[in-house]
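My entries follow the display.

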Amino acid sequence: MGVIIAVVNHKGGVGKSTITANLGAALARRNGRVLVVDCDHQANLTISLLAGARPEPNLCDLLLGSTGHGEPLSPEQIVQATDRVRLDIIPSGEELAEAEDVLDAEYMKERLLAEALGDLPNRYDIIFLDCPPSLGLMTKNALTMATHVLIPVMATEFAAKGVTILSQTIAKVQRRGNPGLQVLGVLVNNYDAHPVVYRIQYQRLVEHLGVLKFATDIPKGVVVEEAHVMGCNVLDYSEGSAVSRAYTALAEEVLTRLEVQ
Ligand SMILES: Nc1ncnc2c1ncn2[C@@H]1O[C@H](COP(=O)(O)OP(=O)(O)OP(=O)(O)O)[C@@H](O)[C@H]1O
Ligand SMILES: [Mg+2]
């Protein structure tokens, strides 16, 4: 089984889906076989990597099928290639929000995602699980099957508190069934160093996080929104941009951390 990285923060809008798409693309460029799984009913990752398409069947159908609430499907039936070579996606859809009520009543409900994906993860070097902005059922499923957690934050006043809450959740998951789960790192995203107040908040966060923080930060850049509009990743949209260069550096840092751990 390869590396499975859950991209988690219960705070919304910190960049989970954007980071999953672009770090996934950067690692695929480095010759890795990468699978990104959209675990969020908002399906932002799906929309951004598949140029607005909303494919069916998707993860919702797979989960319902594997629990006897729908037609049984294999993960191979829902996996899709993206425009970037070696980067595949398991798409999501908004129906997942309602389906979660059904799935929530299942026995050992934290293991449904791992069961539904079966052997598929073995075909990839790195798998990313893009989580919704909650610590609900899909995030629990992601943390239960992950080997690592990547925590995106924005350098704001409450980021440190959010990381503390997440660390407590991760400790519970380690105690209750996934002892090998490790925090790969905390990633500062969307960083704008111009206003002095942001620099002060950033410095406080650096001190709070210590070695947990990746050395690479992802800067704020309009290319991120432009790439979303074009339905592709930032590296293919604007290779020379500061954001693209940061993702390339982050991919190297992730590989180094994975070797070390
Ligand atoms: N480096 C960046 N520069 C500028 N904008 C960014 C950057 N990273 C992310 N964004 C923007 O921030 C917004 C939130 O990003 P994204 O949807 O990836 O966050 P999320 O954590 O997945 O959100 P949710 O919690 O709703 O799933 C998006 O509009 C995205 O384009
Ligand atoms: Mg998201």
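I took helices (H or I, at least four residues) and strands (E, at least two) as DSSP runs, numbered from the N terminus. I worked on a predicted model, in which local features need pLDDT of at least 70 and side-chain atom pairs count only at pLDDT 80 or more, while totals for chains, interfaces and linings use all residues. Residues are numbered from 1 along each chain as its sequence is written, chains are lettered from A and ligands numbered from 1 in the order in which they are written, and side-chain values use heavy atoms, with hydrogens and water left out.

**Entry 1: cavity.** I searched a 1 Å grid over the protein atoms alone, where a cavity is a set of points at which a 1.4 Å probe fits but cannot get out, and a pocket is an open set with protein on both sides within 12 Å along at least five of seven lines; lining residues have an atom within 4 Å of a point. Points are joined across faces, edges and corners, and a volume is the space filled by probe spheres set on them. I counted one cavity of 30 Å³ or more. The largest cavity has a volume of about 40 Å³. Its lining includes Ala21, Asn22, Val224 and His228. α9 gives the most to this lining, with three residues.

I classed Ala, Val, Leu, Ile, Met, Phe, Trp, Tyr, Cys and Pro as nonpolar, Asp, Glu, Lys and Arg as charged, and the others, Gly among them, as polar. The cavity lining has five nonpolar, four polar and no charged residues.

**Entry 2: largest pocket.** I noted a volume of about 320 Å³ for the largest pocket. Of its 14 lining residues, Glu110, Lys140, Thr144, Val173 and Arg176 are the closest to its centre. α7 supplies the largest share of the lining, four residues.

**Entry 3: ligand 1.** Where does ligand 1 sit? I found that its space is the second largest pocket, on the criterion that more than half of a molecule's atoms lie within 2 Å of the grid points. That pocket has a volume of about 260 Å³.

I then looked up polar contacts, pairs of N or O atoms within 3.5 Å. An oxygen atom of ligand 1 is 3.0 Å from a polar backbone atom of Gly13, and a backbone N or O atom of Val14 lies 3.1 Å from a ligand oxygen atom. A polar side-chain atom of Asn190 lies 3.3 Å from a nitrogen atom of ligand 1.

Notes: A polar contact is a pair of N or O atoms within 3.5 Å; within protein, one must be able to donate a hydrogen and the other to accept it, and residues adjacent in sequence count only if both atoms are side-chain atoms.
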